[in-house]
Amino acid sequence: MNQPKQQQLQRDLQSPNHLQVCVGLIALTNIGTRDMIPALLPSVLTSLDHKQALVRKKAVMAMHHFWRMDPESVSDYTDQFRRILCDTDPSVMASGLHILMAMAKDDPSAYKDLVPSFVSILKQITEHRLSRDYDYHRMPAPWIQIKLLQILGILGAADQSASEGMYEVIHEVMRRADTGINVGYAIMYECVRTVTSIYPNTTLLNAAADSIARFMQSENHNLKYLGVTGLASVVEDHPRYAAKHQMAVMDCLEDPDETLKRKTLQLLYRMTNPVNVEVIVGKLLDFLRSATDVFLRTQLVAQISQLAERFAPSNQWFITTLTTVFELGGDLVKPAVAHTVMRLIAEGSGEDDDADDELRQDVVEDYMELLK
């Protein structure tokens, strides 16, 4: 059934008319199957060197399609993909970033040597060396910038040597993108993601934290969401930045946007430490009181229970907090949590008998009030 399609595609790819070749490559990208690769690959490889930039661009897209179907079929042509970065037409170079990023995800070490090339391209873009045709709202080639930042994030992960070559250009991209327009915010957010992916740099982390602060202080729900998401990626490996933005994060719980609230709850859970556990758990309990969605309530009950067990400042606070969870969560509380509380009441901490007796007395009085 594929034979007539394959023959037609071969005729299109071998046509002297470059528009017909483009049509064949577009069709191949959309309907080409894995069994067509051996027959069509030579023609696509030839098209990579076509004199028309449009044909070269479509040929790169076809090679990416082959790679997604069968990586082994194009694994011997990495040199051709690397040469795409030097193409005289920026659109061809940009299309090559997609397949290079996909290959770098599979084997980052094989493409570490391209870091200087990616950095050089990114620098040329930020300095407006590309044609104005690639500008969007006066921002130079933003989609190419974002793709390059994503690639750098992959190649710089846990690699100090590779990351050191990126620091300067990432900082410059972040600075130039801060123009107050949406596409600039998109680039700044991608910079934050890249900064948290590569080997840590204090200057860049501070700049990323400042960008996040501006997002979270915005009246725009989408920017607040970006800020919460970006801060979540920062605090995952660098928790010290959480304290600075703790109150701003809590303010997001008052936002009417339900999606933002849920994202904020996740961030608060990840930000919790022994210093702020009482404040954050108090906020989570307040939210649990008003939440009606069963899935969200189940998640909140589990998170509050885990935070209380990990960071409780005292046994009294731990028992009081979980008692409130029992009262608000009911059957959503796991039996293991109740067993932990009962064991603590029965056995105490074992460090001070008088303190344990006082704890039991306070707990009994609290439970008597609840029974009333």
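**Notebook: helices, salt bridges and a patch**

I started with a helix pair: helix α4 (residues 53–69) packs against helix α6 (residues 90–106) at an angle of about 15°, their axes 8 Å apart. That makes α4 roughly parallel to α6, as angles under 35 degrees count as roughly parallel. The axes are lines fitted to C-alpha atoms over the stretch in contact, and angles run from 0 to 180 degrees between N-to-C directions. I also noted that α4 passes α6 in a left-handed crossing, where the near helix is turned anticlockwise from the far one by less than a right angle. Helices here are DSSP runs (H or I, at least four residues), numbered from the N terminus.

Ground rules for myself: this is a predicted model, where local features need pLDDT of at least 70, side-chain atom pairs count only at pLDDT 80 or more, and totals for chains, interfaces and linings use all residues. Residues are numbered from 1 along each chain as its sequence is written, and side-chain values use heavy atoms, with hydrogens and water left out.

Next I looked up salt bridges (a side-chain nitrogen of Lys or Arg within 4 Å of a carboxyl oxygen of Asp or Glu). How many salt bridges does the structure hold? I found 16. Side chains of opposite charge can pair when their charged atoms come close.

In helix α10 (residues 167–177), R175 and E172 sit 3 residues apart, about one turn of the helix. Their side chains meet in a salt bridge at 2.6 Å, N to O. I see E172 again in a network of salt bridges with R175 and R176. E172 is partly exposed at 24% relative accessible area; the scale is buried under 20%, exposed over 50%, partly exposed in between, with a 1.4 Å probe and protein chains only.

Then I checked D178 and R214, whose side chains form a salt bridge at 2.9 Å, N to O. D178 lies in the loop between α10 and α11 (182–197) and R214 in helix α12 (residues 202–216), so the pair ties together parts 36 residues apart in sequence. D178 is partly exposed at 37%, and R214 is partly exposed at 40%.

R289 and D286 came next, with their closest N and O atoms 2.9 Å apart in a salt bridge. Both are in helix α16 (residues 277–290), 3 residues apart, or about one helical turn. D286 counts as partly exposed at 46%.

Last, I turned to helix α20 (residues 353–371), which holds L371. L371 is exposed, with 72% relative accessibility.

How values were computed:
Helices (H or I, at least four residues) and strands (E, at least two) are DSSP runs, numbered from the N terminus. Angles under 35 degrees count as roughly parallel, over 145 as roughly antiparallel, 65 to 115 as roughly perpendicular and the rest as oblique.
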